[in-house]
There are 2 protein chains.
Amino acid sequence: MQATQVGRGLDALFKPRSIAIFGASDDVTKIGGRPLQFLQKYGYAGGIYPINRKAGLVQSLQAYASLAELPEVPELAVIAVPPAGVLDAVQECARRGVKTAVILSAGFSEMGEEGSRLQARIGEVARASAMRIVGPNCLGAIGVPDKSIATFSVALESSFPAAGSVGIVSQSGNLGSFTLRLAGERGLGVSRMLTTGNECDVDIADAIASLAADPGTSVILCCMETCRDGAKLMQAMAMAREAGKPLVVLKVGVSEAGSAAAASHTGALAGSDAVFDAVLRQGGALRVPSIELLLEVGHALSVVGPARVPGGHRVAVLTASGGFGVLLADAASAQGLVLPKLAAQTQERILSAVPFAAPSNPVDMTAQVSSRPEVLARMLDAVARDDSCDALILQSANAFHVPRLRDVFLGALEQVRKDHPARLILLCARAPDDVRARLNAMGFPVVEGIDAACATVAALLRFGARNRAPAAPPAIDRAPLAAEAFATEASAKAVLAEAGLPVPREAIARSFDEALAAAREMGFPLVLKIVSPDIAHKTEVGGVFVGVRSEAQLREEYNKLLARVALKAPRARIAGVLVAQMVQGGVELILGSKKDPVFGPMVMVGLGGIFAEILKDVALQPAPVDEAQATAMLRSLKAFPLLDGARGRPKADVQAAAKAIAALSRFAVRHADSVSEIDINPLVVLDQGRGAHALDALLVSEEQAMKDKQ
Amino acid sequence: MQATQVGRGLDALFKPRSIAIFGASDDVTKIGGRPLQFLQKYGYAGGIYPINRKAGLVQSLQAYASLAELPEVPELAVIAVPPAGVLDAVQECARRGVKTAVILSAGFSEMGEEGSRLQARIGEVARASAMRIVGPNCLGAIGVPDKSIATFSVALESSFPAAGSVGIVSQSGNLGSFTLRLAGERGLGVSRMLTTGNECDVDIADAIASLAADPGTSVILCCMETCRDGAKLMQAMAMAREAGKPLVVLKVGVSEAGSAAAASHTGALAGSDAVFDAVLRQGGALRVPSIELLLEVGHALSVVGPARVPGGHRVAVLTASGGFGVLLADAASAQGLVLPKLAAQTQERILSAVPFAAPSNPVDMTAQVSSRPEVLARMLDAVARDDSCDALILQSANAFHVPRLRDVFLGALEQVRKDHPARLILLCARAPDDVRARLNAMGFPVVEGIDAACATVAALLRFGARNRAPAAPPAIDRAPLAAEAFATEASAKAVLAEAGLPVPREAIARSFDEALAAAREMGFPLVLKIVSPDIAHKTEVGGVFVGVRSEAQLREEYNKLLARVALKAPRARIAGVLVAQMVQGGVELILGSKKDPVFGPMVMVGLGGIFAEILKDVALQPAPVDEAQATAMLRSLKAFPLLDGARGRPKADVQAAAKAIAALSRFAVRHADSVSEIDINPLVVLDQGRGAHALDALLVSEEQAMKDKQ
């Protein structure tokens with residue numbers, strides 16, 4: 001599939017001129033009965049064609065025995081026949097030019113080998129034709145504006161979703177349906193919903209892309225369990241980003257237990273959560289930890305619009321109670337938000353409205369705001385005027401439920417919206433539905449929970465940062481790597497050095513005289529290492545000597561090293577002895593790249609030894625990364641202070657380390673077809689301005705990695 | 001105050017025979033008007049005596065100009081007069097034998113110096129009499145069974161709390177009131193509420209104790225901002241524990257920003273969150289991170305009762321959807337719960353009910369449970385029977401809202417309750433209020449959120465663990481420590497060694513001959529250290545030599561060390577040279593104790609160097625701890641694998657380290673009056689069975705700590 005075709009051909013899914021239903025049934029509890037019922041109940045305006053062996057009337061509509069008998073070729077086919085009949089139906093649809101087919105039927109890859117084979121054949125129909133296929137084993141799709149309904153979701157039993165600009169995509173039908181229902185409960189209007197199920201053709205990336213391209217969608221909510229095509233997902237995320245649309249993602253299967261459950265549920269390997277997290281972050285998706293926050297953040301984004309997304313993480317908090325102020329300060333801190341002191345002038349303004357207020361931040365307006373609610377307008381204005389904050393949270397536990405207070409509050413908010421149109425003001429409040437709707441219409445997101453309110457502000461902030469981040473780096477051309485590069489440490493370092501990775505000066509000596517010549521050129525101290533394609537662990541055969549400080553010692557250690565190796569590894573082919581400048585001092589990093597089966601090369605960095613291995617203190621990102629991203633990776637390490645002059649140490653050359661990470665990451669992408677894994681252990685980072693050196697390097701070829709797996 | 005008096009004399013607050021209201025007002029928006037209104041509206045049966053300068057009728061009750069004119073001495077006085085009149089009112093109450101006074105008026109310590117002085121004088125009235133005083137600047141108290149109302153909380157405007165067994169205590173009036181309102185919304189019955197405000201006398205510990213002693217309260221919910229008397233709080237927690245009542249605590253002011261806000265709000269230093277956390281944990285309180293979870297956990301505990309608290313962290317999850325199963329598996333993992341594989345027999349039973357179910361764990365009952373809900377009973381029974389799980393979570397997004405499903409579900413749950421009465425079964429479900437109430441009555445907690453459901457199970461588990469934990473260790477008698485102990489490392493180590501802390505063999509040599517004699521007795525290698533009360537940093541004056549390996553070297557280094565010190569610190573008094581066995585290898589811990597101003601000596605342990613200082617990887621607990629607790633502290637370190645044989649290291653002598661921690665903690669308590677701080681850096685822990693050694697020790701006296709503060 002061409003990369004440019006992600007999400008292609010799905011318009012017919014959401015606004016088809018006509019819909020055929022294979023397996024249409026009179027029984028509205030059946031998956032073939034419900035879509036038909038919904039289409040009629042909610043007034044879909046296009047042609048509806050039930051297909052049913054028995055023909056006659058189905059739910060009082062003329063039914064047809066086969067697709068061939070229809071008066072026109074439907075744009076959309078909903079397939080709800082038993083699994084054995086699905087392939088035939090799909091083939092007929094493709095043959096006759098149906099644009100999209102949705103297979104609601106289950107009984108495919110989730111049921112084992114045989115189901116998987118059948119599903120694969122169905123997928124082939126899509127790849128061999130212009131027709132797209134959604135499912136099987138999915139909950140289908142809804143196009144809200146056109147009332148196109150290709151789903152049996154129980155969420156439609158009570159009512160049709162209110163029209164709006166929030167799109168919902170989900171692999172799990174249940175989670176998608178639940179999200180739809182929650183959206184309805186919160187008064188959040190929906191544009192489209194698409195669940196992808198077993199994904200024989202249309203996958204979650206297509207689903208995201210189709211909403212990114214839809215002018216009626218401004219916010220995309222996504223429930224994701226797995227990803228089968230990393231490049232497609234990255235491209236879909238880029239499309240959302242280019243369209244300026246926030247993509248909020250709930251990734252399920254985070255824990256080991258969850259991943260295992262997801263794998264057994266979707267039949268696809270969910271991939272490591274750390275990799276997913278890095279990919280989503282890099283793609284500019286807003287990851288949220290719960291379905292509740294998926295809704296809160298989505299709702300807030302739809303209410304706020306791009307113009308009011310805050311540019312920084314400084315928040316002012318206004319409450320009518322010290323206790324809530326403390327809770328909000330805690331919750332804000334947990335989200336990385338800061339509460340700066342308000343300007344002196346702001347504090348004066350607050351005190352002039354309520355003399356006993358706590359005017360710093362959080363602002364405690366005190367119970368005065370209940371007895372004299374008119375002071376709220378002055379408070380809001382004072383804080384909204386203050387440039388020391390990027391956003392404002394107004395907390396109210398009860399005011400919007402008290403008629404006397406409600407109207408004054410609404411008035412004050414209307415005024416501040418007029419006077420400060422670009423300010424993000426989020427209400428952490430409980431309010432009746434109608435009041436909340438009014439507040440939303442005025443551009444104020446309303447979040448009930450304290451933690452959720454701060455998490456929502458933080459998510460808006462991340463969305464703003466995504467929009468300001470530079471565009472993706474230029475693509476890197478793929479190139480194969482010569483087989484010789486994989487032979488030894490020396491050959492690996494040679495190609496890495498060429499790619500810009502700093503390695504110590506070194507030379508392979510094939511005789512003592514060559515070693516001596518190299519030593520004279522480099523100067524002492526030196527390190528000697530055996531070079532052999534047959535020796536993976538050099539120290540185990542006595543093949544390393546560190547700290548040669550004179551010519552005499554060089555002669556002695558050169559000979560001793562060869563003798564040790566000859567004794568311990570008599571059959572190893574010896575290519576020579578590596579003579580390398582010895583690097584002293586510095587902090588040891590481990591640096592590497594590994595190809596994720598779904599997302600391609602990932603670059604990883606951590607501090608050497610226990611930090612990476614025991615404390616799991618590593619940073620991970622899809623390759624390539626530029627120097628700034630590499631610096632951010634280093635700074636994200638808990639042990640970063642060790643590079644940054646903690647405990648009286650000298651500062652390390654973080655810039656050199658970042659350059660090395662970036663160079664490694666580009667190398668990993670360029671040679672992704674031949675290189676499976678790269679390990680630099682250690683990369684020694686010297687004091688600021690003195691550089692970094694890859695002291696050891698290992699390249700694992702794709703070929704080798706395949707062999708290791710078998 | 002005697003320790004046994006925590007919470008004393010508060011019965012009159014919750015079930016007074018009569019109530020007087022100072023500052024009683026006709027205006028029901030005033031704090032002097034509302035209690036009077038509430039008492040009449042909700043039918044308090046005792047005597048109600050408005051006190052008002054103008055006498056006459058107040059809210060149609062006979063008012064009195066002063067306390068003296070009342071027909072009886074009221075047991076409870078509610079004081080709602082301006083701050084300047086409060087002291088007089090309180091004094092009169094005390095003089096006439098009022099049992100408890102609640103000061104609702106504000107304008108005291110929260111308003112600065114003058115207010116603090118006035119408040120202190122009010123507090124003295126309580127200490128000088130038998131009368132207890134709640135407040136000032138508080139929201140007062142409610143005794144639900146007796147309809148005793150000494151509050152102006154707006155939560156009472158709409159309705160009086162339903163009677164139940166959940167007690168609420170809070171320092172913040174607003175948080176207390178909000179908790180009360182949320183309890184009402186969730187159908188949670190309340191026994192008592194008490195907010196303590198500025199705490200001139202009755203504090204949060206008294207409040208907890210009064211509920212621990214109340215037979216009508218079974219669960220205590222607490223919102224805490226600060227603690228002014230650590231010993232009292234610990235005793236109150238012990239009372240709750242002894243009464244078998246869960247104490248659920250929301251501690252606000254967790255972050256730096258939050259602490260700062262709390263300090264400015266309560267006028268008390270909130271203390272470090274790490275210390276609070278350790279104290280609450282040790283006291284067996286169930287700390288929760290949000291007000292929502294305060295309610296969820298409290299509700300669950302009131303529904304479950306002690307008999308169904310799970311004994312282990314193995315959970316079975318039943319869902320009707322794979323996606324929700326994955327979400328629950330993630331959430332369970334995040335809470336430290338595990339999802340074991342169900343027994344083969346259980347899986348067979350599940351599959352015999354629904355052949356296409358995912359029978360492992362999470363169990364995906366599939367949509368079958370909607371089309372054939374009668375299978376639920378068999379599923380529940382199969383899992384409840386399985387001893388591989390300690391608790392069961394049944395998830396349902398919608399079934400309880402669908403009449404057809406609801407009744408079948410309720411029937412199945414009724415049956416499983418009958419067949420497995422002791423099983424904890426928590427419903428992660430949305431349900432209409434009446435259905436939820438029925439489920440609660442059957443002993444099933446109902447939690448809507450997925451994360452909240454798992455957090456609630458984890459909290460129940462912690463409650464169960466508290467009940468099984470051994471009782472508090474026997475008290476340690478206080479004893480002063482001789483001033484000489486603080487003089488030098490050697491003197492500090494001597495007293496610590498006596499207390500059971502392992503130190504290397506060592507001796508102070510006042511001459512070379514003494515050094516030689518000591519060396520001959522101990523054997524080489526040795527360490528030499530200068531001993532001087534005037535030298536704090538021995539290495540800085542060249543006062544340490546490590547690795548003396550022969551008598552000749554001893555002579556040389558002994559003399560050189562003294563010469564270096566004489567040169568660098570010519571005026572220091574030299575007490576001799578410490579000759580100590582040199583300890584080689586091992587892992588370095590830092591171990592210490594520091595007196596918290598509120599909670600007394602805390603014991604702390606971490607790995608040496610960067611772990612404790614940069615990664616903040618330390619464990620903290622109130623002293624004393626026993627060996628088991630000390631072991632748990634070590635195991636809680638992220639770097640614990642370094643002691644436990646990670647990366648091919650030998651296992652360290654964790655038992656010896658735990659013994660050292662326990663010994664240090666007992667020493668810290670015994671000498672808490674004279675010792676402010678103890679630092680052991682390092683405690684070297686050798687390989688398993690080879691012990692641990694405190695290589696250096698520092699004792700800081702109370703006296704010294706005071707000086708340092710000035």
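**Close-up views of a two-chain predicted model**

**View 1. The contact between chain A and chain B.** In this predicted model, the contact draws 55 residues from chain A and 55 residues from chain B. The size of an interface is often given as the accessible area lost when the parts come together. Here the area buried between chain A and chain B is about 4,100 Å², and carbon and sulfur atoms give 68% of that area.

**View 2. A salt bridge between the chains.** Side chains of opposite charge can pair when their charged atoms come close. Between chain A and chain B the count is 2 salt bridges. Glu185(A) forms a salt bridge with Arg430(B); the closest N and O atoms of Glu185(A) and Arg430(B) are 2.1 Å apart. Over all chains, the structure holds 72 salt bridges.

View 3. Asp381(A) and Arg385(A) form a salt bridge in which the closest N and O atoms are 2.9 Å apart. Both residues belong to helix α15 (residues 375–385) of chain A. Because Asp381(A) and Arg385(A) are 4 residues apart in this helix, about one helical turn separates them.

**View 4. Packing of helices α7 and α8 in chain A.** Helix α7 (residues 204–212) of chain A packs against helix α8 (residues 230–242) of chain A at an angle of about 15°, and their axes are 8 Å apart. An angle under 35 degrees counts as roughly parallel, so α7(A) is roughly parallel to α8(A). The crossing of α7(A) past α8(A) is left-handed. From α7(A), the contact is made by Ala205(A), Asp206(A), Ile208(A), Ala209(A) and Ala212(A); from α8(A), it is made by Lys232(A), Leu233(A), Ala236(A), Met239(A) and Ala240(A). By class, the residues of this contact are 8 nonpolar, no polar and 2 charged.

**View 5. Packing of helices α7 and α8 in chain B.** In chain B, helix α7 (residues 204–212) and helix α8 (residues 230–242) cross at roughly 15°, and their axes come within 8 Å. The helices α7(B) and α8(B) are therefore roughly parallel to each other. Their crossing is left-handed. On α7(B), the residues Ala205(B), Asp206(B), Ile208(B), Ala209(B) and Ala212(B) meet Lys232(B), Leu233(B), Ala236(B), Met239(B) and Ala240(B) on α8(B). The contact of α7(B) with α8(B) comprises 8 nonpolar, no polar and 2 charged residues.

Note on methods
Residues numbered from 1 in each chain as written. Chains lettered and ligands numbered in written order. Predicted model: local features only at pLDDT ≥ 70, side-chain atom pairs only at ≥ 80, totals over all residues. Heavy atoms only, no water. Axes fitted to C-alpha atoms, helices over the stretch in contact; angles between N-to-C directions. Helix = DSSP H or I, 4+ residues; strand = E, 2+ residues; numbered from the N terminus. Parallel < 35°, antiparallel > 145°, perpendicular 65-115°, else oblique. Left-handed = near helix turned anticlockwise from the far one by under 90°. Contact = heavy atoms within 4.5 Å. Nonpolar A, V, L, I, M, F, W, Y, C, P; charged D, E, K, R; others polar. Buried area = accessible area lost by both parts, 1.4 Å probe. Salt bridge = Lys/Arg side-chain N within 4 Å of Asp/Glu carboxyl O.
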